[in-house]
Amino acid sequence: PKKTRNPSGWWISEKLDGVRAYWDGANFYTRNGNQLPAPDWFKAGLPRTALDGELWCGRRQFRRCLSIVRNRSSGDLWKFVTYLIFDAPSMKTTPYEQRVEAVRGLVGASTPHAAAVGII
């Protein structure tokens, strides 16, 4: 018999197939600390606080996303990328639920290329 786990009390979000990206308030970086060459228009409106998320081009679009975000000459192709944010590391002493609400408050109409990840 297969054991099942009760998800009560846990937060769940979709597993995104994109490029993990840390925003330091000015630029995007990979987990290894390499800067990603996002154009200024893509970064415009993002908050000046550290965020953790995923640069994403859609389901089954990992290769396309990786190609765009690593290439310095991608320029307008960044219009296919969305920064999906799932945490605010600068608030690490704050309970997770409050950090998620803070992220939702940081992104909106002024950040058309960013959104908070849906968490249930």
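1. **Val-100 and the model.** Val-100 sits in helix α3, residues 96-106. Helices here are DSSP runs of H or I with at least four residues, strands are runs of E with at least two, and both are numbered from the N terminus. Val-100 is buried, at 11% relative accessibility. Buried stands for under 20% relative accessible area, exposed for over 50%, and partly exposed for the range in between, with a 1.4 Å probe and protein chains only. From Val-100 to Gly-118 there are 18 residues in sequence and 9.5 Å in space, C-alpha to C-alpha.

2. **Basis.** This is a predicted model, in which local features need pLDDT of at least 70 and side-chain atom pairs count only at pLDDT 80 or more, while totals for chains, interfaces and linings use all residues. Residues are numbered from 1 along each chain as its sequence is written, and side-chain values use heavy atoms, with hydrogens and water left out.

3. **Overall layout.** The chain holds 3 helices and 6 strands. Read from the N terminus, the order is β-β-β-α-β-α-β-α-β. The C-alpha trace spans about 50 × 35 × 30 Å along its principal axes. The chain has 120 residues, and 38% of them count as buried. Take the contacts with a separation of 6 or more: 65% of them join residues 24 or more positions apart. Contact here means heavy atoms within 4.5 Å.

4. **Surface and charge.** The accessible surface of the chain is about 7,900 Å², and carbon and sulfur atoms supply 51% of that. Areas come from the Shrake-Rupley method with a 1.4 Å probe; for residues, only the protein chains shown count as cover. There are 18 positive and 10 negative charges, and their mean positions lie 7 Å apart. Lys and Arg are the positives, Asp and Glu the negatives; His and the chain ends are not counted. Each charge is placed at NZ of Lys, CZ of Arg, CG of Asp or CD of Glu.

5. **Aromatic pairs.** The whole structure gives 5 aromatic pairs. Trp-41 and Phe-42 are edge-to-face, because their ring centres are 6.1 Å apart and their planes meet at 75 degrees. The rule covers rings of Phe, Tyr and Trp (its six-membered ring): centres within 6.5 Å make a pair, planes under 30 degrees apart are stacked, over 60 edge-to-face, and the rest tilted. Trp-41 is partly exposed at 36% relative accessible area, whereas Phe-42 is buried at 2%.

6. **Aromatic cluster and a charge over a ring.** Trp-41 and Phe-42 belong to one aromatic cluster, along with Trp-23, Phe-28, Trp-78 and Tyr-83. Elsewhere on the list, Arg-64 lies over the face of Phe-80, 4.1 Å from the ring centre. The test asks for NZ of Lys or CZ of Arg within 6 Å of the ring centre and within 35 degrees of the ring normal.

7. **Tyr-22.** This residue is in strand β1, residues 19-23. Tyr-22 is partly exposed, at 34% relative accessibility. Setting aside neighbours within four places in sequence, its contacts are Asn-27, Phe-28, Tyr-29, Ala-50, Leu-51, Tyr-83 and Pro-89. Phe-28 and Tyr-83 are also members of the aromatic cluster. Tyr-22 and Ala-88 are 66 residues apart in sequence, yet 9.6 Å apart C-alpha to C-alpha.

8. **Asn-27.** Asn-27 lies in the loop between β1 and β2 (28-29). Is Asn-27 buried or exposed? Asn-27 is buried, at 17% relative accessibility. Beyond neighbours within four places, Asn-27 touches Tyr-22, Gln-35 and Lys-43.

9. **Gln-35.** Strand β3 (residues 35-36) contains Gln-35. Gln-35 is partly exposed, at 41% relative accessible area. With neighbours within four places left out, Gln-35 contacts Asn-27, Phe-28 and Tyr-29. Val-69 is 34 residues from Gln-35 in sequence and 9.9 Å away in space, C-alpha to C-alpha.

10. **Arg-60: a backbone check.** Phi of Arg-60 is near 60 degrees, a positive value in a residue other than glycine. Arg-60 is in the loop between β4 (51-56) and α2 (62-70). Arg-60 counts as exposed, at 78% relative accessibility.
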